[in-house]
Amino acid sequence: MNQQNKTCSYIFPCLVAAFYMFLYVPIIILIISSFNASAYSYEWRGFSLTWYHQLWESVEVWEALRNSCIVATASVVLSLVLGLMFVVFAAGTWLDHLLLTFYGSLAAPEIVLAVGLLSFFTFFSVPLGLTTLIAGHTLIGLGYVVPLLHSRFHELSYVLTEASLDLGADYRTTFFRVILPLLSPALMASALLTFILSFDDFIISFFCTGGTTQTLPLYFFSVIRSGASPIINALSSVFLLVSSIVVLLFSSLKIRNMDFF
Amino acid sequence: MKQWQEYHLLSRIRSFFWAIPALIWQILLLYIPLVFVLMRSFVDKESHFTLSYYVELFDATHFIILLRSLALAATTAIICLIIAYPVAYFLSMYMSRFKNVLLFFLIIPFWTSLLVQLYAWFSILDKHGFLNIILQKLGIISQPYHVLNTPFAVYLVSIYCYIPFMIMPIYSILEKLDMRLREASLDLGATRWETFRRVTVPLSMPGIKTGFFLVFIPAFGEFVIPILLGGGKQLYVGSLITHYFLVSRSSGLGAAFTWLSSVILIIATVIMHWLFVRVVTPRKTRRAMYEPTK
């Protein structure tokens, strides 16, 4: 028994260390190459910020960043408002059983959703662009926001609502002063999740823009396809920085039973 | 729950009208478009009913592409499971001091764009990349190989990109697992292996299943990895759908292929689900879990 314990205590840490190496060696090489003066990652020509400088100067990147931010913010606001409205107003009515509707966008492969959206938009000849992109990303966002808010909302104790009503608050005050503050961690978490999903999304954007609008992942893809440029190293590091900040914010929320990450 | 319904302030108002916009959004942009795609696959350019698209799909090329995607998805999911289970097990059972740090570093790739993750492999797998340099220095190979644009690169990077999706659900189940059950099993004379096989694994089955499908379903429709790392030489389901819709503009054929592959994906998922319940869970445990004791 003791012998076995010993082997376990050696094998498992080695395994986990190997796994983390597998996970992080490519990322670390990527970050180091973004500071490399040479355009080739396999020869080190000294530290430089050239690629970051070029990234800063690039007009295309700023344009893409602007679009990405617009789309992500709009889809966060839309999916939070629509999702919260559904969760709150459907509670206790027959509409609550339609919660299952929102799992559809999680269960289907993203490419099927993208194909559906594209055929829908072309059939009604909706011009492809930022609007269609926001519509598509909100669809994905609702699939995460509604189940999350729903479970949090139904965990809230009705006693608090009742107390608030008994003490003379009207429905509106109860909602804004009692329910909304209690839901705020879940709201923050869903906002961050929707933001990063939209910010990183490629497949829906690829189908829903029709080549008219550039977002950061689309720009990223087009540069890789046309022969990678070292600017992409710098851009990747920026992406990694953004997601680590979001993860830090997210984990500081300390939400119980979060199975979404 | 019952009390919620009775006391709920907003159910008293009965203004469930406001719940409808989200539903409309979902139905209009998800369910109606899917019906559209289905209709499109049965209608030709003169808007007559036709089965010609499906007939056209019925050949060896499409069959091979479907099989290739199924193989990619299944292999990725199985290898991810084999790597992820020990890691999740270790993180949940043995680590206490560095747990948060390790989890933090596990989540970052999960929240980073897939494109960044796969681009990270370019400088390693390239002909002049690190893998070839190291292997040459070690004297294992004499000439650099083309690792990029091969099926190997596609499989490797798929596993890399999807592994966090496997670890997180398994970890969250294992962490909530009741340690007393394992202790009871050990006390009653089972060996550590038997306890693992008969207690821990069956109890973590929901996590394994979730993780498996979180990897299997998106990997089946994947098209970015095959295009960028497979060089587009070998077609997969995702890349063929993209080709039909965006390159060759034959949306009827694309719609038919989308539906065909979705149906095959659903069948594959059902079979996998059945396999999980029937084969992977030992019969005795299954009896204990699913049949109520008298």
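Guide: Let's start with A:Ser243, which touches A:Ile196, B:Ile108, B:Trp111 and B:Thr112 once residues up to four places away in sequence are left out. Two residues count as being in contact here if their C-beta atoms, placed from the backbone, lie within 7 Å. A word on ground rules: this is a predicted model, in which local features need pLDDT of at least 70 and side-chain atom pairs count only at pLDDT 80 or more, while totals for chains, interfaces and linings use all residues. Residues are numbered from 1 along each chain as its sequence is written, and chains are lettered from A and ligands numbered from 1 in the order in which they are written.

Back to the spot itself. A:Ser243 sits in helix α11 (residues 231-252) of chain A; helices are DSSP runs of H or I with at least four residues, strands are runs of E with at least two, and both are numbered from the N terminus. A:Ser243 counts as buried because it has 22 C-beta neighbours inside 10 Å. The cut-offs are 20 or more other C-beta atoms within 10 Å for buried, 12 or fewer for exposed, and anything in between for partly exposed, again with C-beta atoms placed from the backbone. Within its own chain, A:Ser243 is 43 residues along from A:Asp200, yet their C-alpha atoms are separated by 9.5 Å.

Now hop across to chain B. B:Pro109 belongs to helix α6 (residues 99-110) of that chain. B:Pro109 has 22 C-beta neighbours inside 10 Å, so it is buried. Leaving out residues up to four places away in sequence, B:Pro109 touches A:Leu23, B:Gln117 and B:Pro164.

Zooming out to the whole chain-to-chain contact, chain B puts in 75 residues and chain A 73. On the chain B side, helix α3 (residues 20-40) gives the largest share, 15 residues. That side of chain B splits into 55 nonpolar, 18 polar and 2 charged residues, where Ala, Val, Leu, Ile, Met, Phe, Trp, Tyr, Cys and Pro are nonpolar, Asp, Glu, Lys and Arg are charged, and the others, Gly among them, are polar.

What does α3(B) meet in the other chain? A:Leu82, A:Gly83, A:Met85 and A:Phe86 in α3(A) meet B:Pro21, B:Ala22, B:Leu23 and B:Trp25 in α3(B). By class, this contact of α3(A) with α3(B) has 7 nonpolar residues, 1 polar one and no charged ones. Two packed helices are described by the angle between their axes and the distance between the axes. Here α3(A), residues 59-90, and α3(B) have axes that come within 7 Å and cross at roughly 120 degrees. So α3(A) is oblique to α3(B): under 35 degrees would be roughly parallel, over 145 roughly antiparallel, 65 to 115 roughly perpendicular, and the rest oblique. The axes are lines fitted to C-alpha atoms, for helices over the stretch in contact, with angles running from 0 to 180 degrees between N-to-C directions.

As for the chains themselves, chain A has 11 helices and 0 strands, and chain B has 17 helices and 0 strands. Of the 261 residues of chain A, 42% are buried; for the 294 residues of chain B, the figure is 38%. Among contacts with a separation of 6 or more, residues 24 or more positions apart account for 79% in chain A and 71% in chain B.

One more helix of chain A, α5 (residues 110-123), is mostly covered, with 12 of its 14 residues buried. Those buried residues include A:Glu110, A:Leu113, A:Gly116 and A:Phe120. After α5(A) comes A:Ser125, with a positive phi near 40 degrees.

Chain B has residues with positive phi too. B:Asn149 has a phi of about 65 degrees although it is not a glycine, and lies in the loop between α9 (130-137) and α10 (151-176). With 17 C-beta neighbours inside 10 Å, B:Asn149 is partly exposed. B:Arg249, in the loop between α15 (237-247) and α16 (251-280) of chain B, has a positive phi near 55 degrees. It counts as exposed because it has 10 C-beta neighbours inside 10 Å.
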